[in-house]
Amino acid sequence: MHRVDKNRPTQEWIEHLRRRFPVEKEIDRILTRKMTRRAGPGYSSVSLDTLTAGVELLLKAKLSGPFEVRNPRWMSGGASKVQMAFDLTWSQSGNDKTTTTMVLRMEPAESIVETSRLREFQLIKAFEGVIPVPPVYWVDNAAEFLPYPAMICGFCDGVARPTKGVDGISGIGTNFGPVARPSLGKQFLEHLATIHTRDWKNADLSAFDIPEDGTEAVEWQLNWWERAWEEDVNEDVPLMRLAMAWMRANMPPVDRLSIVHGDYRTGNFLYTEDEIRISAILDWELGHFGDRHEDLAWAIRAAFGHLAEDGKTFLVGGFMPETQFMDMYQSLSGMTVEKKKLDFYKIFNAYKNIQIVLATGYRVARGSKGHQDVLLGWLLGISYPYLDDMRVMLEDLL
Amino acid sequence: MDLRPALQIQTVIKAMTDVVLPAVDTNNKLAQEQARLVIGMLNLVAQRQPMMYRYDRDELARFLALAETLREQAKNLPGVNEALHAMGNSVAVGEDVLDRARAEPKELESANFDLREKVGALITAIYSGSEIGKLKHISATVTAHAKEMLLRERSWLIDQGWEADPKSLPAIETLIDN
């Protein structure tokens, strides 16, 4: 059907896309790896025993003392990665024997978001002790020990949403309730401001390239996601072509280079319900150097908020009205928020999101490459409301 | 529309085979048998669904041929006029339908696919070669087309539950009459 058979891409076509869409070295590596392996086998269901054996091999290589892996169990959620929890009995840094609950995050044969475990590992490590993040321990970036690239981090206490729902509220999104809302909102913004103002110079972020001042960071992002679109999409979508053309014509220069989380939103942090304290910022796999407005535009997306008890006031992220949200961010970060840049990143985030669920989601499920293909097939349907949201935004900007 | 039966069935079979069936209680023989039947039935649907249209068209052609032969053979027999007349009406309808049922569904899908690709490439070429501010009329054409298409696609998938206000969408039957 395709002139290019995307299920069996030729080396020539892979190289053509690499030349057409220059990206960071590590991103190029993982996208190229995806394409060169595409014609290979789909994802075979991996048993807990197989994963446990892989974890033990990894730990043998990394730990000098004795250890024991017990109680492996599947974790729910995670459309993009296979997740297994287990208890590790070990002597950390020569201390007394202790038991730590760990989480293995492993890629399937192809993921709905193709990312680098090494980048995720390094980024979380860079924020250890700075903001609440899961402790990360080991990474198997080349699948030397496990069936696919993986990393092991500590299990974090906390919940992503209240265990007891709050009644009588209209709107969508997680509702933290009026008591927890102010505190969580403030912490959410404090941590975001810390991420964006963090001095990364002394951190080991060798899997990241540092863009030049100006629009290079933006261009790398556009190249990443347009390349992924070209690699994965089945039916072309004219609106996506128009959106990319608009973005390329309107790239805003980055006034201050920040670490961008890439998926900073309600649902991607854990908090303790008794203390109302954010205990872990999760899902760093899309992190990169770029413009703070990208995270801000994503965090305020309507789908993550809801109406307050008055039925009129929209609370972004389920926290507070947008004006208050932006004022607090500016106060905490000391950096400005520009509407024009927010508008740009709203389109960018929409494009990226549609690329993921429509193009890559289709391709993974089509090739039986994922561990939850039926979920990816189901999620594909949400791309059409997303496309329509992007159309409405674009019509205002064109 | 990328969410087509072929993909849907494939992913359901995989989920049933890899995740659900291994988790079904081995002592529950009825559940084990039903789970395997579900997989078997879905495999049969996956194999045959792409040929269903051709199968029906072939069937209609064969019945039209049978009807024609029987009409010739039965025309002078007693007590058949009413039945022959009724059959003749149905033959006329059937011949008309068969005449219009020329392209395979796959050909239709393929033509859509190819045109999407060419239109997409043209849009990229247009915006690569000209300033976007001078192409407002073309941008308006693209977004207007997207609006119509997305209305169909959202209505088609309305039962998935993604829409904040599902009642605002027209029924799919009213949107696909071209």
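Into which domains is chain A divided? I noted at the outset that I am working with a predicted model, and I found that chain A splits into domain 1, spanning 11–154, and domain 2, spanning 177–397.

**Entry: the two domains.** I looked up how the domains are placed and found that the C-alpha centres of domain 1 and domain 2 of chain A lie 23 Å apart. Counting contacts, I have 36 residues of domain 1 of chain A touching 41 residues of domain 2 of chain A. On the domain 1 side of this contact, helix H2 (25–37) and helix H4 (117–127) of chain A each supply at least two residues, and I note that H4(A) gives the largest share, with eight residues.

**Entry: a helix pair.** I turned next to helix H8 (residues 292–299) and helix H10 (residues 339–366) of chain A, which pack at an angle of about 70° with their axes 8 Å apart. Because angles of 65 to 115 degrees count as roughly perpendicular, I describe H8(A) as roughly perpendicular to H10(A). I recorded the crossing of H8(A) past H10(A) as right-handed.

For the residues involved, I listed A:His293, A:Glu294, A:Leu296, A:Ala297 and A:Trp298 from H8(A), which meet A:Lys341, A:Leu342, A:Tyr345, A:Lys346, A:Phe348 and A:Asn349 from H10(A). I classed the residues of this contact between H8(A) and H10(A) as six nonpolar, two polar and three charged.

Technical notes
Residues numbered from 1 in each chain as written. Chains lettered and ligands numbered in written order. Predicted model: local features only at pLDDT ≥ 70, side-chain atom pairs only at ≥ 80, totals over all residues. Axes fitted to C-alpha atoms, helices over the stretch in contact; angles between N-to-C directions. Helix = DSSP H or I, 4+ residues; strand = E, 2+ residues; numbered from the N terminus. Parallel < 35°, antiparallel > 145°, perpendicular 65-115°, else oblique. Left-handed = near helix turned anticlockwise from the far one by under 90°. Contact = placed C-beta atoms within 7 Å. Nonpolar A, V, L, I, M, F, W, Y, C, P; charged D, E, K, R; others polar. Domains from an automatic or database assignment.
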